[in-house]
Amino acid sequence: MKKYFKTSILCVLTGLFLVSCASTPKVPFDAANVSPAAIISITANDEITWYGESTEKKTGLLNMAINKAVKENADDTSLAYLGFTKNLLDDSAAAANEVLTSNGFTLVEDAGSSYKTASDDKVLKLAGFVSPNGYKMLNLNNSVAASVKAETGTNYFVYITYNIEKTIVTGVAKNGTMTACVTTTIQVADANGKRIALAHGYASGKDKIASVGGVYDAKALYAMYPAVIRDSLNDACKKLK
């Protein structure tokens, strides 16, 4: 009898717990609840690729060395024609600070001396990612966040990844009109790497340019990216949950 009574009570309590959980709405993400936060990782693809096109990008130290040599010996116009994202990186960092602030985040201005001397994640580096001046390439499971927390007191960290691409808007294959497009992933995590929020944003350029067999005005395309990067990040911020 006692055993039956205990089992019945357990079932009732379990039922109440499940009903309680089911009826408790998920608290919407609020940037104010994770402020102040530190942006400790901004990454982007090294080369502008075609949206949705499967590419077998060569990775590794040799490819990185070749790309580095090409970029260091090329001027801004050459970099644009070669399709590198280097000229867009520093502006993408400025976009991160501007857009996050406009979406309610309070950001730490200085992540501390430990952050400045921290190393990039080797896997991300070998995968062909690059980062703006002053920022690192880090995954959520890093040891850098703990150092930043110790120096700044913040327990919230933002990781941003830009996928900078180009896309055909009208036409067949790569003949028709095209524009810039960016997909942004934003993650918010604590110092232990526990993810608090995640979102993906997308934006494409309002202007269109001609593409003939995949040949286009690279300078005109480059000019579109600053606005598109901001729109994509803003879209991701609105979707954080």
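1. Let's start with the charged pairs: there are five salt bridges in this structure. Keep in mind as you look around that the model is predicted.

2. One of the pairs joins K116 to D110, with N and O 2.8 Å apart. K116 is exposed, at 55% relative accessible area, while D110 is partly exposed, at 45%.

3. Next, find D231 and K206, whose closest N and O atoms sit 3.4 Å apart in a salt bridge. This pair ties together distant parts of the chain: D231 belongs to helix α8 and K206 to the loop between β6 and β7, 25 residues apart. Is K206 buried or exposed? K206 counts as exposed because its relative accessibility is 69% and the cut-off for exposed is over 50%.

4. Helix α8 also holds both K239 and D235, four residues apart, or about one turn of the helix. Their salt bridge has its closest N and O atoms at 3.0 Å. There's a network to look for too: salt bridges link D91, E98 and R230.

5. Now for the inside. The largest nonpolar core has 58 residues, and L100, F105, Y162 and I186 have the most contacts within it. Which element gives the most to this core? That's α8, with ten residues. If you click on I186, look for its contacts beyond the neighbours within four places in sequence, including L100, V158, A197 and L233.

6. Finally, take a look at strand β1, where nine of nine residues are buried. β1 pairs with β4 in the parallel sense over seven bridges, and T43 has T161 as its bridge partner there. With β3, the pairing is antiparallel over two bridges, and N45 partners F129.

How values were computed: Residues are numbered from 1 along each chain as its sequence is written. This is a predicted model: local features need pLDDT of at least 70, side-chain atom pairs count only at pLDDT 80 or more; totals for chains, interfaces and linings use all residues. Side-chain values use heavy atoms; hydrogens and water are left out. Buried means under 20% relative accessible area, exposed over 50%, partly exposed in between (1.4 Å probe, protein chains only). Two strands pair if DSSP finds at least two bridges between them. A nonpolar core is a set of buried Ala, Val, Leu, Ile, Met, Phe, Trp, Tyr and Cys residues joined through side-chain atoms within 4.5 Å. Contact means heavy atoms within 4.5 Å. A salt bridge is a side-chain nitrogen of Lys or Arg within 4 Å of a carboxyl oxygen of Asp or Glu.
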